[in-house]
Amino acid sequence: MTAGENACLTVRELSKLLTFKLENGGIEDAGAEAGFILMHLTGQSHPALTLGNKPVSEKMVAEAFDICNRRTAGEPLQYILGDWDFFGDTFKVGKGVLIPRPDTETLVEEVIRLRKEHSTTKFVDLCSGSGCIAASVARNLKDAKGAAIENSPEAFEYLCCNLKNLAPQVKPCLLDAILPETASQFTELDIITSNPPYLTSDDMNELQREVRHEPKAALFGGEDGLMFYRELACIWKNSLKSGGYLLFEVGLGQYKDVMKILEENGFCNVYFVCDLAGIERVVIGQMP
């Protein structure tokens, strides 16, 4: 079927056709992705319901088929659409930046829990990528200000755009977070957050085809996946004020090792928080 042959399709019919094509292309959650494609094209939150019997233009059918073909070829849907939702806001994303994931919302929720009763919060987000953590923290805490640090020029463009649109009180910084001279620029912080690269060498060899499109530098955490945790905990601990917190997102099964790293670097009250799937997702340590 060509786009021209399907120009008289309704929105509901196009939804079914996209789902069929995505399923045949090996997309696991085809129905949901078909819905995201139609939301993008129509600007409606539930297009198959609100616009179900409305005819679709030939142009929209062509655009939908193009997106579908790119998706079944393995390109991440988030990159194709150009944005993705995180913690109630929409972030610009594309090639060169890590895609925001729901698991990371657990880290933001814990920061809010720790700081919601405080009148101000001074924070830094390390390995910031799209800026989803930094912007969400700033938008959900009273008078929260700080910086978001990213060393990839490609990701930094998205970081600047998202912070400008959503959290202009957070300063984007094109710096390397694992250099001591970077950490020395920031002092008396209440909070440090980071979702660093944490995949192991074995993980990198077994990536899903969609994830292979994301930047390797945002994924690979050294042979055992713990390199960034060791470096960041050591380098940044002196940037926290007494009583300040460092919060790390961690990969599956890494929480015990990361807790040990924090303890070895003088952090106290070290604990972990599980995500909605029950996986130990965030490790937190406090400076004495």
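Helix α7, residues 132-140, is mostly covered: 7 of its 9 residues are buried. The buried residues are C132, I133, A134, A135, S136, V137 and A138. This is a predicted model, so read every value here as computed from predicted coordinates.

Step back to the whole chain. The chain holds 12 helices and 9 strands. Its radius of gyration is 21 Å, close to the 19 Å that the globule rule gives for 288 residues, so the chain is as compact as a globular protein of that length. Along the principal axes, the C-alpha trace spans about 65 × 40 × 35 Å. Of the 288 residues, 52% count as buried. Now consider contacts in the chain with a separation of 6 or more. Residues 24 or more positions apart account for 64% of them.

Next, look at helix α8, residues 153-166, where C161 is found. N162 also has its place in helix α8. Is N162 buried or exposed? N162 has 1% relative accessibility; the cut-off for buried is under 20%, so N162 counts as buried. C161 has 30% relative accessibility. That lies between the 20% and 50% cut-offs, so C161 counts as partly exposed. Which residues does N162 touch, leaving aside its neighbours within four places in sequence? N162 is in contact with F91, K92, S130 and A167.

Turn to the helix pairs. Two packed helices are described by the angle between their axes and the distance between the axes. Start with helix α1, residues 11-24, and helix α2, residues 30-42. The axes of α1 and α2 are 8 Å apart, and the two helices pack at an angle of about 130 degrees. That angle makes α1 oblique to α2. The crossing of α1 and α2 is right-handed. On the α1 side, the contact is made by V11, L14, S15, L18, T19, L22 and E23. On the α2 side, the contact is made by A30, G31, E33, A34, I37 and L38. The residues of the contact of α1 with α2 divide into 8 nonpolar, 3 polar and 2 charged.

The second pair is helix α11, residues 227-236, and helix α12, residues 255-264. The axes of α11 and α12 come within 9 Å and cross at roughly 25 degrees. Angles under 35 degrees count as roughly parallel, so α11 is roughly parallel to α12. α11 passes α12 in a right-handed crossing. Which residues meet here, from α11 and from α12? Y229, R230 and A233 in α11 meet V258, I261 and L262 in α12. The residues of the contact of α11 with α12 divide into 5 nonpolar, no polar and 1 charged.

Finish in the loop between α10 (201-205) and α11, where R209 is found. R209 has a relative accessible area of 36%, and is partly exposed. Leaving aside its neighbours within four places in sequence, R209 is in contact with G25, I27, R71, T72, A73 and G74. How far is R209 from N69, C-alpha to C-alpha? R209 and N69 are 15 Å apart in space, and 140 residues apart in sequence.

Note on methods: Residues are numbered from 1 along each chain as its sequence is written. This is a predicted model: local features need pLDDT of at least 70, side-chain atom pairs count only at pLDDT 80 or more; totals for chains, interfaces and linings use all residues. Side-chain values use heavy atoms; hydrogens and water are left out. Axes are lines fitted to C-alpha atoms, for helices over the stretch in contact, and angles run from 0 to 180 degrees between N-to-C directions. Helices (H or I, at least four residues) and strands (E, at least two) are DSSP runs, numbered from the N terminus. Angles under 35 degrees count as roughly parallel, over 145 as roughly antiparallel, 65 to 115 as roughly perpendicular and the rest as oblique. A crossing is left-handed if the near helix is turned anticlockwise from the far one by less than a right angle, and right-handed if clockwise. Contact means heavy atoms within 4.5 Å. Ala, Val, Leu, Ile, Met, Phe, Trp, Tyr, Cys and Pro count as nonpolar, Asp, Glu, Lys and Arg as charged, and the others, Gly among them, as polar. The radius of gyration is taken over C-alpha atoms; the globule rule is 2.2 Å times the number of residues to the power 0.38. Buried means under 20% relative accessible area, exposed over 50%, partly exposed in between (1.4 Å probe, protein chains only).
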